2 protein chains.
Amino acid sequence: MKVTIPRKTVYRLSLYYRSLQRLRANRIDTVSSAALAKASGVKPTQLRKDLAYFGQLGVRGLGYGVDALTKKIGEVLGTACLQPVILIGVGQLGSALLNYGGFARQGFEVVAAFDLQHKKVRPKGATVKVYSMDGIGEFIRKKSIKIAILTLPGHVAQEVANLVVESGIQAILNFAPAILQVPENVVVNNVDLAAELENLSYFIQ
Amino acid sequence: MKVTIPRKTVYRLSLYYRSLQRLRANRIDTVSSAALAKASGVKPTQLRKDLAYFGQLGVRGLGYGVDALTKKIGEVLGTACLQPVILIGVGQLGSALLNYGGFARQGFEVVAAFDLQHKKVRPKGATVKVYSMDGIGEFIRKKSIKIAILTLPGHVAQEVANLVVESGIQAILNFAPAILQVPENVVVNNVDLAAELENLSYFIQ
DNA sequence: CTGTGTGAAGGCTTTCACAGCC
DNA sequence: GGCTGTGAAAGCCTTCACACAG
């Protein structure tokens with residue numbers, strides 16, 4: 001009876017979540033699959049199929065309750081309560097992400113940053129402390145951190161990944177241009193900016 | 001005879017490209033599908049199928065020539081010659097990307113940045129000039145820019161997208177948390193950091 | 001014998017068509 | 001009538017099995 005949710009469906013839930021939050025801000029309390037799908041850039045049937053994995057959430061002839069659906073998706077994604085996250089590698093990109101407000105708004109909090117050069121100062125504007133790598137294992141264990149963001153040069157990414165995985169990290173958002181080898185119980189999402197540009201480059205020819 | 005290349009294959013080409021460049025740096029001139037696949041994090045058969053779309057590039061019993069394959073993929077992706085790119089929205093994330101060296105290394109050059117607040121100063125360290133939005137249309141046309149990176153707040157992204165598409169932009173790398181509506185001859189790749197984290201959050205439950 | 005190229009099979013996602021409920 | 005839920009069909013991508021070349 002336990003059906004597995006397709007990975008792509010999980011990804012789209014985030015899009016729906018974002019659209020629903022906008023609807024909520026506009027005091028709209030009911031939405032049809034057609035309207036929500038359009039706002040999220042998908043087809044109505046796909047949206048219905050995605051939502052159907054989690055039970056009968058809609059009302060036939062009427063649509064979906066915005067509040068209830070938001071709550072449900074939040075639960076499914078596990079963002080209903082604030083997730084603590086650490087960031088490793090405080091270079092250009094890392095500093096920017098520390099200042100980037102988008103995470104906190106969506107249920108994530110960067111609670112600490114780490115860097116190989118421990119003398120790295122906290123980027124101005126950021127409220128997050130930057131530590132040396134020495135105590136990272138202890139930090140992860142004590143605070144039960146599960147998610148790490150890696151904004152490191154490619155040649156040290158694997159080494160650092162090994163370290164944090166051993167300390168208990170279960171998920172990595174990897175910005176380094178490297179394919180990380182991790183145990184299969186650890187999830188890695190890669191964000192490869194150069195690859196995205198190359199992809200665009202191909203399609204405009 | 002003209003077969004269409006799967007979108008996912010195009011994306012993986014970037015991974016192969018990256019791996020090949022490392023091999024080249026190490027003066028390795030031949031590589032098997034097994035070795036290259038492992039370095040790129042895919043299965044050997046998939047790699048062979050991907051490469052077969054572009055002709056018989058390998059030698060049976062031997063493997064692929066690193067130089068020739070690198071050249072071929074560069075041509076296919078359209079990164080053989082330097083692509084000029086503009087960046088719009090010089091906030092935290094935009095500034096970081098201006099300083100981020102990863103693009104230039106892979107055949108892209110950010111030739112100019114634009115911001116709605118035209119008094120925005122150039123981020124320290126960056127060599128790229130920041131302009132107001134006034135002359136952006138002219139700039140795009142005169143320099144034949146095809147790719148734009150959007151690092152803007154979600155609520156202005158659509159408006160700016162309309163503007164640049166009208167001026168001739170054909171591809172957008174969108175960091176704004178918004179679904180952009182564009183003509184179908186324009187390609188959009190979304191990088192949604194919050195969505196990536198939510199995705200991870202789901203899989204560690 | 002080693003390692004690529006490729007039709008066929010298999011698996012996963014999306015789309016369709018329509019039944020079911022308000 | 002309006003709109004959701006869902007089995008079936010279609011489409012797409014990955015994996016397999018093996019032919020073929022060096």
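Student: Where is the place of Arg27(B) in chain B?

Tutor: Arg27(B) sits in the loop between H1 and strand S1 (30–31) of chain B. Helices (H or I, at least four residues) and strands (E, at least two) are DSSP runs, numbered from the N terminus. Before we go on, note that this is a predicted model, in which local features need pLDDT of at least 70, side-chain atom pairs count only at pLDDT 80 or more, and totals for chains, interfaces and linings use all residues. Residues are numbered from 1 along each chain as its sequence is written, while chains are lettered from A and ligands numbered from 1 in the order in which they are written.

Student: What is the phi of Arg27(B)?

Tutor: Here is the general idea: most residues other than glycine have a negative phi, and most peptide bonds are trans. Arg27(B) has a positive phi of about 60° although it is not a glycine. In the other chain, Arg27(A) also has a positive phi, near 60°, and Arg27(A) is in the loop between H1 and strand S1 (30–31) of chain A.

Student: Is Arg27(B) buried or exposed?

Tutor: We count neighbours: a residue is buried if 20 or more other C-beta atoms lie within 10 Å of its own, exposed if 12 or fewer, and partly exposed in between, with C-beta atoms placed from the backbone. Arg27(B) has 7 other C-beta atoms within 10 Å, so it is exposed. Arg27(A) counts as exposed because it has 7 C-beta neighbours inside 10 Å. For another case, take Arg22(A), which lies in helix H1 of chain A. Arg22(A) has 15 C-beta neighbours inside 10 Å and therefore counts as partly exposed.

Student: Which residues have the most contacts inside the largest nonpolar core?

Tutor: A nonpolar core is a set of buried Ala, Val, Leu, Ile, Met, Phe, Trp, Tyr and Cys residues joined through C-beta atoms within 7 Å. The largest one here has 119 residues, and Leu150(A) and Leu150(B) have the most contacts inside it. H1(A) gives the largest share of this core, 7 residues. Not counting residues up to four places away in sequence, Leu150(A) touches several residues, including Ile88(A), Val160(A) and Phe175(A).

Student: How many residues of chain A are in contact with chain B?

Tutor: Two residues are in contact if their C-beta atoms, placed from the backbone, lie within 7 Å. By that rule, 47 residues of chain A are in contact with 46 residues of chain B. H9(A) supplies the largest share of chain A's side, 11 residues. That side divides into 26 nonpolar, 16 polar and 5 charged residues. Ala, Val, Leu, Ile, Met, Phe, Trp, Tyr, Cys and Pro count as nonpolar, Asp, Glu, Lys and Arg as charged, and the others, Gly among them, as polar.

Student: How are the two copies related?

Tutor: Two copies of a chain are related by a rotation about an axis and a shift along it. Copies are superposed by least squares on the C-alpha atoms of residues with pLDDT of at least 70 in both. Chain A can be laid on chain B by a turn of 180° and a shift of 0.0 Å along the axis, with an RMSD of 0.0 Å. The two copies are thus related as by a two-fold rotation axis. In chain A, the C-alpha of Ala96(A) is nearest the axis, 2.9 Å from it.

Student: Which residues come nearest to DNA strand D?

Tutor: A residue is near a strand if its C-beta atom, placed from the backbone, lies within 6 Å of it. Of the 27 residues around DNA strand D, Ser33(A), Gly58(A), Gly61(A), Arg60(B) and Gly61(B) come nearest. H3(A) gives the most to this surface, with 5 residues.
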